[in-house]
Amino acid sequence: MDQVLNPYNPGAGTRPYELSGRSDEITAMGVTLQRLLIGRNGRSQFLTGLRGVGKTVLLNEFSLLAGNHGYIHEHIEISEDGQLPKRLAAALRKVLLKLDGKKKVADVARHALGVLKAFTLTLPDGSSLNIDVDAVSGAADSGDLAGDLAGLFEEIGRAAKAHDTGVLITIDELHYVPVGVLEALIMGLHRTNQLTLPITIAGAGLPSLPAVTGEAKSYAERMFTFPEIGSLDFEEAASAILLPAEAEGIRWEDDAVARMYEVTQGYPYFIQEFGKQAWDIAEAGSGVIRRGDVDRSVPLAITELDTGFFQVRTGKTKDPERAYLRAMAELGPGIVKSADVAKLLKKTTTQLGPVRDALLKKALCYSPRFNELAFTVPMFDEFMKRWIPDFP
Ligand SMILES: Nc1ncnc2c1ncn2[C@@H]1O[C@H](COP(=O)(O)OP(=O)(O)O)[C@@H](O)[C@H]1O
Ligand SMILES: [Mg+2]
């Protein structure tokens, strides 16, 4: 097929031609944003799911919605260091500068900037954020993160309200944030939620994310839903496969779609990758993608995935970590018991504790239940077996 027109687009956070199967989340978020703007309650979302299911594109979709509703939006991506407060402060600084730029009630935004400045001064290295106003102490500089965030969000929520606008902060890769900080974030947002101020957060992370406890847990359940974003069912996958081609006047044989569903298991990233390769391999000018095209593209797609999608996650792993992952793969695609992994590696779970912790910290695995482990990347077991074929 014409390679220039290839409408499939594998890539982290890349918007697909057809965002299939996510209309519930998008509709719910639209309603919430609208309600917050008119001073009503609304539940935002913490999306959870494996890598490559479409959490980031959904967060991006939320930010587009926010823009459509006249919100000010900022995005934060947490990295392996797990640092949240300073990134959040930097995002809130941008929010307030945008509000300040509106000049409508600039003094409100200025005051909020002063509160933000006082907050940043409580953070290690926070003074490096360039905020050109005098610090306003008292509201957000006690050093207690939950209380300070509450003060800060309230200040910003009031400033947004004074400007007849709302604020949405999207936070991706939230699973890297330590649970205590996540709890502080939720506690902090709770006050603005009670005051029905137009400020909210939408988050995304791996399945290990919602493990907050106590008071934060009950607040979180009131303020957020936790949609589990997963693979697409056959109908949804078929739309994701067919519609991009249809737009270019190309059709897929039924058999080819069935085969695509088989090899991708409905995982969005894989649909994009296998779709791209099948498109490239299909005979130019024929106007149709056949089952044989999919079959022939499988090895190419797998090579692409192995050297990209899968390999980027394993680049920094050490030998014992790779051995651990390989042993997990031996035990199957789903949830495995740490004790079984240890048995295979002829070690005790205590001996392997640090390796297991390192893999959890790198978010290659998560722990769905005590003493159980699963991969955070779909079909990772198959990749490990290709990468390290021989298991002693
Ligand atoms: N609903 C969907 N339908 C079709 N393709 C999708 C869908 N959601 C995501 N994708 C594609 O899957 C890939 C991974 O999406 P991404 O948002 O980065 O996943 P995650 O953040 O969960 O790791 C991207 O190439 C994206 O275009
Ligand atoms: Mg993502």
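Student: Which residue forms a salt bridge with Arg386?

Tutor: The model is predicted, and the pairing is read from its side-chain atoms. The closest N and O atoms of the pair are 2.7 Å apart, and the cut-off for a salt bridge is 4 Å. The partner of Arg386 is Asp306.

Student: How many salt bridges does the rule find across the interface of domain 1 and domain 3?

Tutor: The domain assignment places 3-7 + 232-313 in domain 1 and 316-387 in domain 3. Residue pairs in polar contact between these two domains, with both residues at pLDDT 80 or more, number 1. For salt bridges across this interface, the count is likewise 1.

Student: Which helix gives the largest share of the side of domain 1 that touches domain 3?

Tutor: Helix H9 (254-264) and helix H11 (291-314) each supply at least two residues of that side. The residues of that side divide into 6 nonpolar, 3 polar and 2 charged. The largest share amounts to 6 residues, and the helix that provides them is H11.

Student: What area is buried between domain 1 and domain 3?

Tutor: In terms of contacts, 11 residues of domain 1 meet 10 residues of domain 3. Carbon and sulfur atoms give 70% of the buried area, and the total is about 930 Å².

Student: Which residues of domain 1 lose the most area to domain 3?

Tutor: The centres of the two domains, taken over C-alpha atoms, are 30 Å apart. On the domain 1 side, three residues together account for 51% of what is buried there: Phe310, Gln311 and Arg313.

Terms used:
Residues numbered from 1 in each chain as written. Chains lettered and ligands numbered in written order. Heavy atoms only, no water. Domains from an automatic or database assignment. Contact = heavy atoms within 4.5 Å. Buried area = accessible area lost by both parts, 1.4 Å probe. Salt bridge = Lys/Arg side-chain N within 4 Å of Asp/Glu carboxyl O. Polar contact = N/O pair within 3.5 Å; in protein donor to acceptor, adjacent residues only side chain to side chain. Helix = DSSP H or I, 4+ residues; strand = E, 2+ residues; numbered from the N terminus. Nonpolar A, V, L, I, M, F, W, Y, C, P; charged D, E, K, R; others polar.
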